[in-house]
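Have a look at the model first, and then we'll start with its rings.

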Amino acid sequence: PTGVASVDEYCDIETVERINPIELTSSLNQTLPEGIKINQVILFPQQKGSLMKNFRGAIYRAGLEDLIAIPQRGLDFVSQQIENYNASTEFTTIKRRPEKRDKTIDLKKSIARIEFDSQQSPASLLFTARFDEGGLSNPFQILAAVLGLTPAESHRLEICKTETLFI
């Protein structure tokens, strides 16, 4: 668990026989509690191992309201940090790994895009994180690195996963 809200989660269900995705969606939605809904069923060929190998990444929205209330962390600061990140060809940070040696990683390999949305109220960041081995996958850690925040400051962001991206 990453502590991130989500409006697009997945569930891995294995069936004995092939089923119609539309019928399965309808059947499941009739039995789910109010507020939970299946939007889509995607069939993958039977495989060994985790469904995670079919994921490409996720799109997130991070609300900035609580962060920009901190002195020295206003909209101009966030905008400048995003501009600096987007202008760079490489953006390295240290990935802390308990029980292992720390690892230097290039965030440009973990983030497909990041943009500042000041038109949204409150202002927010939109970013697409790639799921790759060895990179950062926790959205709080990604934004802490890009924005130069402490872990406590990054947890003031209201991050919501808006879409899961499949291969």
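## The aromatic cluster

Tyr-10, Phe-55, Phe-131 and Phe-166 come together as one aromatic cluster. The rule here is that rings of Phe, Tyr and Trp (its six-membered ring) pair if their centres lie within 6.5 Å; planes under 30 degrees apart are called stacked, over 60 edge-to-face, and the rest tilted. By that rule, the count is 5 aromatic pairs. One of them is Phe-55 with Phe-131, an edge-to-face pair at 6.3 Å centre to centre with 70 degrees between the planes. Phe-55 sits in strand 2 and Phe-131 in the loop between strand 6 (124-130) and helix 3 (139-147), so this pair ties together parts that are 76 residues apart in sequence. (Helices are DSSP runs of H or I with at least four residues, strands are runs of E with at least two, and both are numbered from the N terminus.)

Phe-55 also pairs with Phe-166: the ring centres are 4.9 Å apart and the planes at 50 degrees, so that pair is tilted. With Phe-55 in strand 2 and Phe-166 in strand 7, the two ends of the pair are 111 residues apart in sequence. As for exposure, buried means under 20% relative accessible area, exposed over 50%, and partly exposed in between, using a 1.4 Å probe and protein chains only. Phe-55 is buried at 5%, while Phe-131 is partly exposed at 26% and Phe-166 is partly exposed at 22%.

## What you're looking at

This is a predicted model, so a few ground rules: local features need pLDDT of at least 70, side-chain atom pairs count only at pLDDT 80 or more, and totals for chains, interfaces and linings use all residues. Residues are numbered from 1 along each chain as its sequence is written, and side-chain values use heavy atoms, with hydrogens and water left out.

The chain has 4 helices and 7 strands, arranged along the sequence as β-α-β-α-β-β-β-β-α-α-β. Its C-alpha atoms fill a box of roughly 55 × 40 × 30 Å along the principal axes. Of the 167 residues, 34% are buried. If you take contacts (heavy atoms within 4.5 Å) with a separation of 6 or more, 64% of them are between residues 24 or more positions apart.

Helix 3 is mostly covered, with 7 of its 9 residues buried. Those residues are Pro-139, Phe-140, Ile-142, Leu-143, Ala-144, Val-146 and Leu-147. Their cover includes strand 2, helix 2, strand 5 (111-117), strand 6, helix 4 and strand 7.

Leu-157 is in the loop between helix 4 (151-154) and strand 7, and counts as buried at 4% relative accessibility. From Leu-157 to Arg-61 is 96 residues in sequence and 9.6 Å in space, C-alpha to C-alpha.

## The largest pocket

The largest pocket holds about 1200 Å³ of space. A pocket here is an open set of points on a 1 Å grid over the protein atoms alone, where a 1.4 Å probe fits, with protein on both sides within 12 Å along at least five of seven lines; lining residues have an atom within 4 Å of a point. The volume is the space filled by probe spheres set on the points, which are joined across faces, edges and corners.

Of the 36 lining residues, the closest to the centre are Cys-11, Asp-12, Ile-13, Val-41 and Ile-42. Helix 1 (21-31) and strand 7 (158-166) are the elements that give two or more residues to the lining, and strand 7 gives the most, with 3. The lining divides into 18 nonpolar, 10 polar and 8 charged residues, where Ala, Val, Leu, Ile, Met, Phe, Trp, Tyr, Cys and Pro count as nonpolar, Asp, Glu, Lys and Arg as charged, and the others, Gly among them, as polar.

## Two positive phi values

Most residues other than glycine have a negative phi. Gln-72 has a positive one of about 70 degrees, though it is not a glycine. Gln-72 lies in the loop between strand 2 (55-63) and helix 2 (75-87) and is exposed at 68%.

Glu-99, not a glycine either, also has a positive phi of about 70 degrees. Glu-99 is in the loop between strand 3 (92-95) and strand 4 (103-106), exposed with a relative accessible area of 84%.
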